[in-house]
Amino acid sequence: MQSTSRAGSGQDILSPRTAYIEDAAQRLHDSWVRRVPLDPLEGELAPRSRSEAYAIQSQLLCLRGVPAVGWKIGATTAELERHLGIEEPIHGRLLAGSVMNAPARIEVSKFHARPCLECEIGFEIGQDLAPRSEPFTVQEVAATVTGVFPCFELPCFRYTRPRQAGVLGIIADNCASALCVRGATASPKCMDDLPALRVDLEINNAAVASETASRVMGHPLFALHWLVEHLRATGQTLSAGEIVLTGAINGVHRMAAGDTAVAHFGPLGQLEVSFT
């Protein structure tokens with residue numbers, strides 16, 4: 001099994017703009033606390049590279065002061081990469097209190113903007129993968145997985161003008177991470193069958209999407225491998241006990257109060273979430 005991981009490609013060297021990075025993170029944090037619409041970062045506050053965007057994200061998470069419990073990967077399909085005009089995925093953190101079990105009822109008022117819904121495959125990590133000089137193989141990454149689970153990621157894109165904010169603005173705002181609704185854990189023995197896994201999504205009793213998990217970089221495991229290699233290249237660790245969401249299988253769907261979504265993940269089970 002081979003992955004086409006591109007971690008570390010085109011990484012920019014962080015310029016000495018620490019004060020602007022801190023100010024940008026403070027602005028993002030203030031809008032979160034006050035629950036007000038978020039205008040795109042502009043002028044000197046706008047990130048100029050992925051390195052700056054991730055630096056703003058890191059500072060934002062420090063300001064939030066909430067422990068991280070995992071990672072989310074975004075833009076793991078060719079369609080989303082083309083839409084965003086990028087050549088590799090992006091990532092953010094999942095925070096404590098943001099992960100709940102299915103079935104779930106969620107108040108739309110908990111979000112800062114209209115929530116979205118994505119069907120994803122998640123992995124539970126059983127051992128640390130700390131930075132080292134040589135790349136990790138897909139097989140080494142697979143060996144750290146102790147469980148596989150189906151999930152809904154419920155991102156919240158807070159920018160008033162998302163196109164102007166661009167992918168760097170999305171990264172800075174923790175990749176729109178908000179909530180996750182997860183299903184039961186399955187054995188990692190099912191990983192070989194994941195590319196052929198078909199996920200059928202219904203919203204308000206109407207079929208809206210049906211795709212296989214192979215849309216996620218050919219195999220959700222390859223998305224996990226990309227994350228591990230990106231973290232290795234940037235001196236970060238994927239830690240035991242964390243979970244990783246590997247990206248939308250069948251698109252991004254906007255939800256509203258009164259909506260109910262049901263997803264069928266074949267042998268991994270069924271998930272349901274309703275919005276009030």
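Which residues does Arg182 touch, not counting residues up to four places away in sequence? The contacts of Arg182 (heavy atoms within 4.5 Å) take in Val99, Met100, Asn101, Ala102, Glu124, Phe149, Pro150, Cys151, Ile243 and Leu271.

The model is predicted: local features need pLDDT of at least 70, side-chain atom pairs count only at pLDDT 80 or more, and totals for chains, interfaces and linings use all residues. Residues are numbered from 1 along each chain as its sequence is written, and side-chain values use heavy atoms, with hydrogens and water left out.

Arg182 lies in strand E7, residues 179-182. Strands (E, at least two residues) and helices (H or I, at least four) are DSSP runs, numbered from the N terminus. Arg182 is buried, at a relative accessible area of 11%. Buried means under 20% relative accessible area, with a 1.4 Å probe and protein chains only. The side chain of Arg182 makes a polar contact of 2.9 Å with that of Glu124. Such a contact is a pair of N or O atoms within 3.5 Å; within protein, one must be able to donate a hydrogen and the other to accept it, and residues adjacent in sequence count only if both atoms are side-chain atoms.

The protein chain as a whole has 6 helices and 13 strands. Its C-alpha atoms fill a box of roughly 50 × 50 × 30 Å along the principal axes. Of the 276 residues, 52% count as buried. Among contacts between residues at least 6 apart in sequence, 79% join residues at least 24 apart.

Technical notes: Buried means under 20% relative accessible area, exposed over 50%, partly exposed in between (1.4 Å probe, protein chains only).
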